[in-house]
Amino acid sequence: MHDLPTSGRALDRIALSATLHCLTGCAIGEVTGLVVGTALGFSNVATIALSIALAFLFGYSLTSLPLVRAGMALGAVVPIALASDTLSIAIMEVVDTAIVVAIPGAMDAGLGDLLFWGSLVVALAIAGAAAFPVNRWLIARGRGHAVVHRTGAHGRTAPPADGATGGRTNVPL
């Protein structure tokens, strides 16, 4: 385990990595929800609700699966995933949903329409940009994605020596 930077370009790189990580989960969930909702003819509200739920599910899963694979118990992983990703995913979902809803015709566009995919790409890019400064601020204070790094299991294939969270029992947001 190593200390994370609290300022400068090194912090920017870690915050960008954390933001892209969350954005990946959000994008997978968002696209899946919009495609399923649109293909099945769901109402706009139902499609948005499904997209948001799946964005959180995939976002948390991308954080949780490597920790579980590293040998951490699910009971230890869940609070870490919640602490590391909730604010970032929430910001991305609020921003990207607002943008897609605000683009005229985007919610009514079909899967074969450039408007459907273009509005989604634009919305996700802006949402990621909106989450970056928050992720940077959180990491600089040892919160957000820094919680995952504190486990000592980030990028590991074996569990930490003490079995769970690198000796830490409280996981701050």
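Contact here means heavy atoms within 4.5 Å. One thing to keep in mind as you look: this is a predicted model.

Q: Which residues does Thr19 touch, not counting residues up to four places away in sequence?
A: Start with where Thr19 sits, which is in helix α1. Thr19 has a relative accessible area of 3%, and buried means under 20%, so Thr19 is buried. Leaving out residues up to four places away in sequence, its contacts are Met92, Gly128, Ala131, Phe132 and Asn135.

Q: How many Å does helix α1 reach from its first C-alpha to its last?
A: Helix α1 covers residues 8-39, which makes 32 residues. At 1.5 Å a residue, you'd expect 46 Å. The model comes close to that, with a reach of 45 Å.

Q: How many disulfides does the count come to?
A: A disulfide is a covalent bond between the sulfur atoms of two cysteines. To count here, the two sulfur atoms must be within 2.5 Å. The cysteine sulfur closest to that of Cys22 is in Cys26, but at 6.4 Å it is too far for a bond. Cys26 is in no disulfide either, and the count comes to zero.

Q: What is the volume of the largest cavity?
A: Counting cavities of 30 Å³ or more, the model has three. The largest cavity has a volume of about 60 Å³.

Q: Which helix gives the largest share of the lining of the largest cavity?
A: The lining is made up of Leu34, Thr38, Val100, Ala106, Met107, Phe116, Ser119 and Leu120. Both α1 and α4 (114-140) supply at least two residues of it. The largest share is three residues, and these come from α4.

Q: How many residues of the lining of the largest cavity are nonpolar?
A: Among the lining residues are Thr38 and Ser119, and residues of those two types count as polar. No charged residue is part of the lining, and two of its residues are polar. The nonpolar residues number six.

Note on methods
Residues are numbered from 1 along each chain as its sequence is written. This is a predicted model: local features need pLDDT of at least 70, side-chain atom pairs count only at pLDDT 80 or more; totals for chains, interfaces and linings use all residues. Side-chain values use heavy atoms; hydrogens and water are left out. Helices (H or I, at least four residues) and strands (E, at least two) are DSSP runs, numbered from the N terminus. The expected span of a helix is 1.5 Å times one less than its number of residues. Buried means under 20% relative accessible area, exposed over 50%, partly exposed in between (1.4 Å probe, protein chains only). On a 1 Å grid over the protein atoms alone, a cavity is a set of points where a 1.4 Å probe fits but cannot get out, and a pocket is an open set with protein on both sides within 12 Å along at least five of seven lines; lining residues have an atom within 4 Å of a point. Grid points are joined across faces, edges and corners, and a volume is the space filled by probe spheres set on the points.
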